[in-house]
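Trainee: Hi, I've just opened this one and could use a guided tour. Can we go through it together?

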Amino acid sequence: MSHSNSEDPKDWAPATQAIRGGLMRSPFGETSEALYLTQSFVYDSAEGADARFAGDDPGFVYSRYANPTVKMFEDRLALLEGAEACRTAASGMAAIFMALNGLVRTGDHILASRALFGSCRWLLTEYFPRFGVETTTVDGPDLAQWEHGFRPNTKVVLIESPANPLLEVVDVAAICQLAHAAGARVVVDNVFATPIFQKPLTLGADIVVYSATKHIDGQGRVMGGAILGPAALLEESYRDLLRHTGPALSPFNAWVLLKGLETLDLRVRRQSDTAARLADLIADSGKARSTRYPLRKDHPQYEVARRQMSGGSNLVAFDLGEAAKAFRFLNALQLIDISNNLGDAKSMAVHPPTTTHRAMAEAERLKIGLTDGWVRLSVGLEDVEDLSRDLSRALALV
Ligand SMILES: *Cc1c(COP(=O)(O)O)cnc(C)c1O
């Protein structure tokens, strides 16, 4: 460092943190973050290796443990989230699996909201029971169900808000209070809201998880995931688990995600503005029985959404009444892609009952309100007029 610097990155606005946070320049003084494609590291001497392994010298030893490019991404995302620490994994699911796994033991109970990402549901209903960890689910917005859901052995609460695919909003602060009173920790999957619009840690959550595959990359290129929270909790619950099981994020992917973070604030604010306008267009078309957007006044949990989110997100869900109409709508789109991905620069729409949620038993699907006519739209960065034209044309054919 050649010039003195009294700036504290914690005081920066999110847009600045996402561009400058975590930057570690090499002696070459490159402007852009360096991509350290290396598996391992060398030491000046045997004594140097000894000190590194003893932890007396804080350098790197092996990229399954830590890597400078990955660390820059972790530090940048931690700063943006307002978290003490961040650890990453090769995908969102690897991060969520690790986040849960590190907090439970045989005999523990997990309490979760019913509307969850499909792979999370598999983990909770099929995988963890093999090891004696049981899960029960409740309707996310119903606080009375949460209150009655805790057991003496409940160790973890898992919530997603807004949730996939109908954008159900869960009162994160209220559930954190209940969970902490019951001695449980709260893990929040914050993918849909992004760190720009919702800060679960300030609402009381213990751990925040991301699929960085979504908005953080935001341009459809790489997979990644992150776990954020207090440094001591991450150290105690995840350090050895991550080191010895090896779900490490590749440095290349970390580099792409670092560059993704630089434009995250700009992208999701623009996407959210466009999504709010398109949600109104869909609602006003008269073709949808129901239109869900977290910051529309007719959202069932509008008041909660307004309290805990500073933007509505880039996702809109709407009910066209029956699967045939949803299919006709999707097939009529000329600009918007049919895809199950989300958070991308390209707008994408999907019919969840036959794709992302087809593995869910019909009775379970109905419990989260997912009837056959729902479409989920992930709004991208295209011009709002072009997207409006595409939607209007397809809605007219429904
Ligand atoms: C995509 C997604 C995940 C899983 O992330 P991957 O990167 O695909 O493994 C988890 N939760 C939510 C809400 C998601 O949208």
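Trainee: Which residue forms a salt bridge with R307?
Mentor: That is D171, and the closest N and O atoms of the pair are 3.0 Å apart. Keep in mind that this is a predicted model.

Trainee: Noted! How is the protein divided into domains?
Mentor: There are two parts to look at: domain 1 covers 9-259 and domain 2 covers 265-395. Their C-alpha centres lie 27 Å apart.

Trainee: And how many residues are in contact between the two?
Mentor: On the domain 1 side 35 residues take part, touching 38 residues of domain 2. About 3,000 Å² is buried between them, with carbon and sulfur atoms giving 61% of that area.

Trainee: What is the count of salt bridges between domain 1 and domain 2?
Mentor: One. The structure as a whole holds 23.

Trainee: Let's pick another from that set. What does K259 pair with?
Mentor: K259 forms a salt bridge with E33, and their closest N and O atoms are 2.7 Å apart. The pair links distant parts of the chain: K259 belongs to helix α10 (residues 251-262), while E33 is in the loop between α1 (14-20) and α2 (46-54), 226 residues away.

Trainee: Are those two buried or exposed?
Mentor: E33 has 5% relative accessibility, so E33 counts as buried. K259 has a relative accessible area of 23%, so K259 is partly exposed.

Trainee: Which residues are linked with them in a network?
Mentor: The salt-bridge network consists of E33, R76, K259 and E262.

Trainee: Which other residue does R239 meet in a salt bridge?
Mentor: D240, with 3.1 Å from N to O. R239 is partly exposed at 29% relative accessible area, E235 is partly exposed at 48%, and D240 is partly exposed at 43%.

Trainee: Changing topic: why is strand β2 called largely enclosed?
Mentor: Because five of the five residues of β2 (residues 109-113) are buried, the strand is largely enclosed by the rest of the structure.

Trainee: Which way do its side chains point?
Mentor: H109, L111 and S113 point one way, and I110 and A112 point the other way.

Trainee: Which strands does β2 pair with?
Mentor: β2 pairs in the parallel sense with β3 (residues 134-138) over five bridges, and also in the parallel sense with β4 (residues 154-160) over four bridges. To find your place, S113 has V138 of β3 as its bridge partner, and L111 has V157 of β4.

Trainee: What sits with β2 and β3 in the β-α-β unit?
Mentor: Helix α5 (residues 118-127), and the unit is right-handed.

Trainee: What about helix α7, which of its residues are buried?
Mentor: In α7 (residues 172-181) the buried ones are V172, A174, I175, C176 and A179. They pack against α6 (143-149), β4, β5 (185-189) and α12 (302-308). Just after α7, G183 takes a positive phi of about 80 degrees.

Trainee: One more sheet! What is the order of strands in the five-stranded one?
Mentor: The order is β8-β9-β12-β11-β10, in an open sheet with mixed pairing. β8 (290-292) and β10 (337-338) stand at the edges with a single partner strand each, so one side of each has no neighbour in the sheet. Further in, β11 (residues 348-350) and β12 (residues 374-378) pair in the antiparallel sense over three bridges, with V350 opposite R376.

How values were computed:
Residues are numbered from 1 along each chain as its sequence is written. This is a predicted model: local features need pLDDT of at least 70, side-chain atom pairs count only at pLDDT 80 or more; totals for chains, interfaces and linings use all residues. Side-chain values use heavy atoms; hydrogens and water are left out. Buried means under 20% relative accessible area, exposed over 50%, partly exposed in between (1.4 Å probe, protein chains only). Helices (H or I, at least four residues) and strands (E, at least two) are DSSP runs, numbered from the N terminus. Two strands pair if DSSP finds at least two bridges between them. A crossover is right-handed if, with the strands pointing away from the viewer, the path from the first strand over the helix to the second runs clockwise. Domain bounds come from an automatic or database domain assignment. Contact means heavy atoms within 4.5 Å. Buried area is the accessible area (1.4 Å probe) that two parts lose on being put together, summed over both. A salt bridge is a side-chain nitrogen of Lys or Arg within 4 Å of a carboxyl oxygen of Asp or Glu.
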